[in-house]
Amino acid sequence: MNFEVTPTENINTEITLPGDKSISHRALIIGSLAEGETKIHNFLSSEDTLSTLNILNSLGANIKQIDKSEIIIEGKGKDNFVEPSNVLNAKNSGTTMRLMMGVLSAQNFYSVITGDDSLRERPMKRVIDPLSKMGGRFYARKNGEFAPITILGTKDISPIVYKTPVASAQVKSAILLAGLYAKGETKIIEPAKSRDHTERMLKYFGADITQKDTTVVIQGLTNNLKGREFFVPGDISSASFFIVATLITKNSTLLIKNVGINPTRTGILSVLKMMGADIKIINEKTLNNEPVGDLLVKSSSLKGTEIKGEMIPSIIDEIPILAIAATQANGKTSIKDAKELRYKETDRIRAITKELNKLGIDVLEKEDGFDIIGSQKIRGNCTCESYNDHRIAMSLAIAGLIADNPIEINNFECVNISFPEFTEIYEKIRSK
Ligand SMILES: O=C(O)C1=C[C@@H](OP(=O)(O)O)[C@@H](O)[C@H](O)C1
Ligand SMILES: C=C(OP(=O)(O)O)C(=O)O
């Protein structure tokens, strides 16, 4: 489906967003590993999270979707999964594949997991390496790198001490989930801190887990986690599209309610504030061990900045939309140390460079990022490629709000991967 976007005057409204994608995946997995009932409220029902739900049900979990955002899991405990009778399909979801590999490595059975054309080209050795050290056995394409992956799990998973070569929450979470089954203490040390939703949720469900700076330690469990009631905060990655839309349109004010503001995810707010953005967090509270707040955003005049090093993991999914903000900032914005962007649903460095160039913006591609010269006009009057990547598609739709001419974006249905309500909310903010 092609999506045509036309410019808008200003934004003045209030929105609430569907649940956070990372947290929704984890609530399904950890709720299925627990014993007893888990109720999930404000669950994100999107293609990625439904891949996790379907895989868990193929392993014998009892997950029921009551309506779009309400889930009930009759948890049977971590030792009651059954061998799946078919290949498991994570489709487009890296989180599903990598986290489930952690769980599957600790089961006494055979499983095969695959994904769509994009996921079958994304690196998996980073998960296979530590899980193999723990005793799981894996066979994967191209010398053990790519899915489909065959997993010969074991009940004799060993604890490890592991320094991850990249700051990846998916790698860390896979090891933690396997570590739940190990006899003894598993320790993970990251080069920079990645999102810590797995740690927070495991603790909330009763695991013995501690974190300090970039180190996490989990004790293998002899008993089971206990089912809980869980409210998923609104997704800050989804919020960031509308935050940037508000900042770059004139005379705009937007209130976004109940957004997850976990410090490992608020890099986007810190960077935008560094660029001069008027963003306030109000009504802060903690819900099921995750911080939540409302965001009040106003039109702002932005200035260019440099983003690199330890900042990158906390902003990794927001770099495409940050690039749109950078086109309107005064001065140059440079993104460095972000080579990981090349291993997402598409090569996001290449996609941003090519599509912004097409819109008339000067972007210089680098191996690990890009430079954008600010204060540029977005020309429009072209068809942009989404690369079937939801974050590229939605970022281009926000660019279209301030373009001189309409923009078409192809295969726009890929937004269903993380944000099926995007188009509805996009129309709502324009129409007030
Ligand atoms: O753990 C998660 O939920 C995620 C971790 C990040 O990936 P990496 O672990 O590859 O950095 C992020 O890009 C992805 O959208 C979701
Ligand atoms: C990279 C992403 O997700 P995943 O790795 O789960 O496919 C994303 O949502 O931007």
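R348 lies in helix α11, residues 348-358, in what is a predicted model. R348 counts as buried because it has 25 C-beta neighbours inside 10 Å, where 20 or more are required. The protein is divided into domain 1 (3-18 + 233-431) and domain 2 (21-231), and both domains give residues to the shells around ligand 1 and ligand 2.

**Positions listed as binding site**

- An unreviewed UniProt entry lists K21, G94, R122, Q170, R348 and R391 under "binding site".
- Leaving out residues up to four places away in sequence, R348 touches I319, P320, L341, D389 and I392.
- K21 is found in helix α1, which covers residues 21-33.
- K21 is buried, because 24 other C-beta atoms lie within 10 Å and the cut-off is 20 or more.
- Apart from neighbours within four places in sequence, K21 is in contact with L44, S46, D48, T49, D235 and S418.
- Of the contacts of K21, which include D48 and S418, these two are also found around ligand 2.
- G94 and Q170, which the UniProt entry lists, are among the residues around ligand 1.
- G94 and R391, also in that UniProt list, are among the residues around ligand 2.

**Ligand 1**

- The residues surrounding ligand 1 are S22, G94, T95, S168, A169, Q170, S173, S194, R195, I316, D317 and E340.
- Two elements give two or more residues to this shell: α3 (94-104) and α6 (169-179).
- The largest share, 3 residues, comes from α6.
- By class, the shell around ligand 1 holds 2 nonpolar, 7 polar and 3 charged residues.
- Domain 1 and domain 2 each supply at least three residues to the shell around ligand 1.

**Ligand 2**

- Around ligand 2 are D48, S93, G94, T95, D317, K344, E345, R391 and S418.
- The shell around ligand 2 has no nonpolar residues, 4 polar and 5 charged.
- Ligand 2 lies between domain 1 and domain 2, because both give residues to its shell.

**Helix α6**

- Helix α6 is mostly covered, with 11 of its 11 residues buried.

- The centres of domain 1 and domain 2, taken over C-alpha atoms, are separated by 29 Å.
- The contact takes 23 residues from domain 1 and 24 residues from domain 2.
- On the side of domain 1 that touches domain 2, the residues divide into 8 nonpolar, 9 polar and 6 charged.

**Backbone points to check by eye**

- Most residues other than glycine have a negative phi, and most peptide bonds are trans.
- The peptide bond from A147 to P148 is cis, with omega near 0°, and P148 is found in strand β9, residues 146-152.
- N283, in strand β16 (residues 278-287), has a positive phi of about 50° although it is not a glycine.
- N283 is exposed, with 11 other C-beta atoms within 10 Å.
- N381 also is not a glycine and has a positive phi, of about 60°.
- N381 is found in the loop between β21 (369-373) and β22 (382-384), and counts as exposed with 12 C-beta neighbours inside 10 Å.

Technical notes. Residues are numbered from 1 along each chain as its sequence is written. Chains are lettered from A and ligands numbered from 1 in the order in which they are written. This is a predicted model: local features need pLDDT of at least 70, side-chain atom pairs count only at pLDDT 80 or more; totals for chains, interfaces and linings use all residues. A residue is near a molecule or strand if its C-beta atom, placed from the backbone, lies within 6 Å of it. Helices (H or I, at least four residues) and strands (E, at least two) are DSSP runs, numbered from the N terminus. Ala, Val, Leu, Ile, Met, Phe, Trp, Tyr, Cys and Pro count as nonpolar, Asp, Glu, Lys and Arg as charged, and the others, Gly among them, as polar. Domain bounds come from an automatic or database domain assignment. Two residues are in contact if their C-beta atoms, placed from the backbone, lie within 7 Å. UniProt positions are given in the numbering used here, feature names are shortened, and annotations may be inferred rather than shown by experiment.
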